[in-house]
Amino acid sequence: MHQRPIGTATRGTTNPNRLRRMDRWIAATHGPALRRSDAPVAVDLGYGAAPWTAVELLERLRTAEPRTAVVGVEIDPARVAAAQPYEREGLTFVHGGFEIPTVGRPLLIRAANVLRQYDEGEVAAVWQRLCARLAPDGLLVEGTCDEIGRRHVWVALGPEGPRTVTFATRLGSLDRPSDLAERLPKALIHRNVPGEPVHAFLRDLDRAWATASPYASLGARQRWIAAVRAVSTDWPLTDGVRRWRQGEITVRWSALRPATG
């Protein structure tokens, strides 16, 4: 008897190239783990009404490790049926939810725009359930983006729990860094208020962005790099200029973790 999938269906909004920033970050940072694995498997959890994000995930991860396989997992059986004609070597689609019905433990679970409909109080239990399904060297990436992928924020978690938070944006469309607050994942979006670490971080990044305005004549990328370098003296960043040039900044979760209460 099959276990009933855990979770509820998402809105299913899917646009090609929507998750490119997240995918490229995963390929760059998790590529070594994919290469070490005997049989690297990644899960696209809640891929939506069309299979584009799973197709693109396979293509991008295979730039890091050509043996990678992707399993698209959807709680809506109709979406699984609609996606199955797109199956090919290394790409399959299955019915399921947070239980992650794969053979063995995946090396990656990507859950993009899945938890926005859940209450904040439910997030920790979902994270714990998904992390328990990871391979020992595995990674859970959970976050939110706008519908065309210009702004994106995600949390990266290992089997032990949350590690980092990444903010990624198309710099040409950025007015100020705190514009990314509207894309904070569910665990943080209600915490962007005075007294909370994520609010203080975005405040400091906005101030650094304003101070770096003279660099705007050199382009938004140079201004962003200058602003990120400035906040790196006070916040524990885990990346460097190579990622900053992509319009990213990654901070240790311990620095942004919600205040108790």
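This is a dialogue on reading side-chain contacts in a predicted model.

Biologist: What should I know before I start?

Modeller: The model is predicted, so local features need pLDDT of at least 70 and side-chain atom pairs count only at pLDDT 80 or more, while totals for chains, interfaces and linings use all residues. Residues are numbered from 1 along each chain as its sequence is written, and side-chain values use heavy atoms, with hydrogens and water left out.

Biologist: How many disulfides are there?

Modeller: A disulfide is a covalent bond between the sulfur atoms of two cysteines. The rule here asks for a pair of cysteine sulfur atoms within 2.5 Å. By that rule the count is zero.

Biologist: Is C131 buried or exposed?

Modeller: Buried means under 20% relative accessible area, exposed means over 50%, and partly exposed lies in between (1.4 Å probe, protein chains only). C131 has 6% relative accessibility, so C131 counts as buried. C145 is buried too, at 1%.

Biologist: How many salt bridges are there?

Modeller: Side chains of opposite charge can pair when their charged atoms come close. A salt bridge is counted when a side-chain nitrogen of Lys or Arg is within 4 Å of a carboxyl oxygen of Asp or Glu. The count is 19. In one of them, R36 meets D137 at 2.6 Å, N to O. R36 is in helix 1 (residues 20-36) and D137 in the loop between helix 4 (120-132) and strand 5 (139-145), 101 residues apart. Helices (H or I, at least four residues) and strands (E, at least two) are DSSP runs, numbered from the N terminus. R36 is exposed at 56%, and D137 is partly exposed at 34%.

Biologist: Which residue forms a salt bridge with R243?

Modeller: The partner is E248, with the closest N and O atoms 2.9 Å apart. Both R243 and E248 are buried. Elsewhere, salt bridges link D23, D44, E56, R60 and R110 in a network.

Biologist: How many aromatic pairs does the structure hold?

Modeller: A pair of aromatic rings is described by the distance of the centres and the angle of the planes. Rings of Phe, Tyr and Trp (its six-membered ring) pair if their centres lie within 6.5 Å; planes under 30 degrees apart count as stacked, over 60 as edge-to-face and the rest as tilted. The structure holds eight such pairs. The ring centres of W52 and Y86 are 5.4 Å apart with planes at 90°, so this pair is edge-to-face. W52 lies in helix 2 and Y86 in the loop between helix 3 and strand 3, 34 residues apart. Ring pairs also join F167, F201 and W235 into a cluster.
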